Each structure stands twice: as structure tokens, then as C-alpha cells.
Amino acid sequence: MLRLKKYTGTEKANFYIQSHGDHAGRPLKEPIRNCYAVWTDTMYAFEICTCLFIAKRYQYFLIGSCVQFVRLREVQQFLHEEFSKNYKAENLQQLQNAMALHERQKKVVKKVNQLIIAFAQSVAYHSK
């Protein structure tokens, strides 16, 4: 089962795909203004879409001279074909683990940056 729909701000999907801009085709965990909502029962669908985006497989579908975008119908057809292929679950699991680690590391870096800023401000305001 695969269903895509233009995101309207009300529906909760399995994940989302950016439809417009420089990153059209990028899978997203959280919706943004210009995206498609994706519902699927395909295991590791998000990871497959991530691989397709990183490998620039959406380039063929990009249209538009100023702001590029991908058409909903073409993305749905493309994903239907890709999800029917036999991807190695072990590789997709490893990708999922690596992406989760990356997200945790980004949170740590953000927290460290906040601490650095707070410390620098403290030093700057309390020096005589």
C-alpha cells in the first residue's frame, strides 16, 4: 500500500517528502509547507526514500525554471516502482541506525553550542 497526498496541515502521515525547492524529493520526519504526505506499509520506506534522495534519483523528475519541484503523480509512480524492488533489510537497518545516531549527535552539538554561548555571555558580562 502506498498513498501520497499534498500536505494540507491536518493529516499525520508515516513521513513526508519535500515537493518544492532545492531539496525537492527529500524525505522528512516532520511536515513543512511544501511537501507531500506519505502513507505506506513498506518496511524501511523512509530509508529507501533517503537513499533515493542522496543518490539524486529525483533529479529526473525536477521541473520548473525558478523554483524546482516534483509532481505528486510522478513521485507516487516512482516510489511504487522503488518499493517493489528487493532492498536488503540489513543495509536499510544500518542506515536507520546511522541516521538515528546522527540525530542524537546533532542534539548534543546544539546543547554544547548553547552552553558555549551561555558561558561566553557570562564571562563577558561579569568581567571587570
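**Core packing and aromatic contacts in the predicted model**

Phe 78 counts as buried, with a relative accessibility of 6%; buried denotes under 20% relative accessible area, exposed over 50%, and partly exposed the range in between (1.4 Å probe, protein chains only). Residues are numbered from 1 along each chain as its sequence is written, and side-chain values use heavy atoms, with hydrogens and water left out.

The rings of Phe 78 and Phe 61 form a tilted pair, because their centres are 5.0 Å apart and their planes lie at 50°. Rings of Phe, Tyr and Trp (its six-membered ring) are paired if their centres lie within 6.5 Å, and planes under 30 degrees apart count as stacked, over 60 as edge-to-face and the rest as tilted. This pair links distant parts of the chain, 17 residues apart: Phe 61 belongs to the loop between helix 1 and helix 2, and Phe 78 to helix 2. Helices (H or I, at least four residues) and strands (E, at least two) are DSSP runs numbered from the N terminus. Phe 61 is likewise counted as buried, at 14% relative accessibility. Together with Tyr 58 and Tyr 60, the two Phe residues form one aromatic cluster.

The largest nonpolar core comprises 22 residues, and those with the most contacts inside it are Ile 17, Tyr 58, Val 75 and Leu 79. Such a core is a set of buried Ala, Val, Leu, Ile, Met, Phe, Trp, Tyr and Cys residues joined through side-chain atoms within 4.5 Å. Helix 1 (45-54) provides the largest share of this core, 5 residues. A second, separate core of 7 residues includes Tyr 7, Tyr 16, Cys 35 and Trp 39.

Helix 1 is largely enclosed by the rest of the structure, because 7 of its 10 residues are buried. Its buried residues pack against strand 2, strand 3 (27-28), strand 4, helix 2 and helix 3 (89-126), contact being defined as heavy atoms within 4.5 Å.

Glu 11 is situated in the loop between strand 1 and strand 2 and counts as buried, at 13% relative accessibility. Excluding residues up to four places away in sequence, Glu 11 touches Lys 5, Lys 6, Tyr 16, Ala 37 and Trp 39.

Conventions:
This is a predicted model: local features need pLDDT of at least 70, side-chain atom pairs count only at pLDDT 80 or more; totals for chains, interfaces and linings use all residues.
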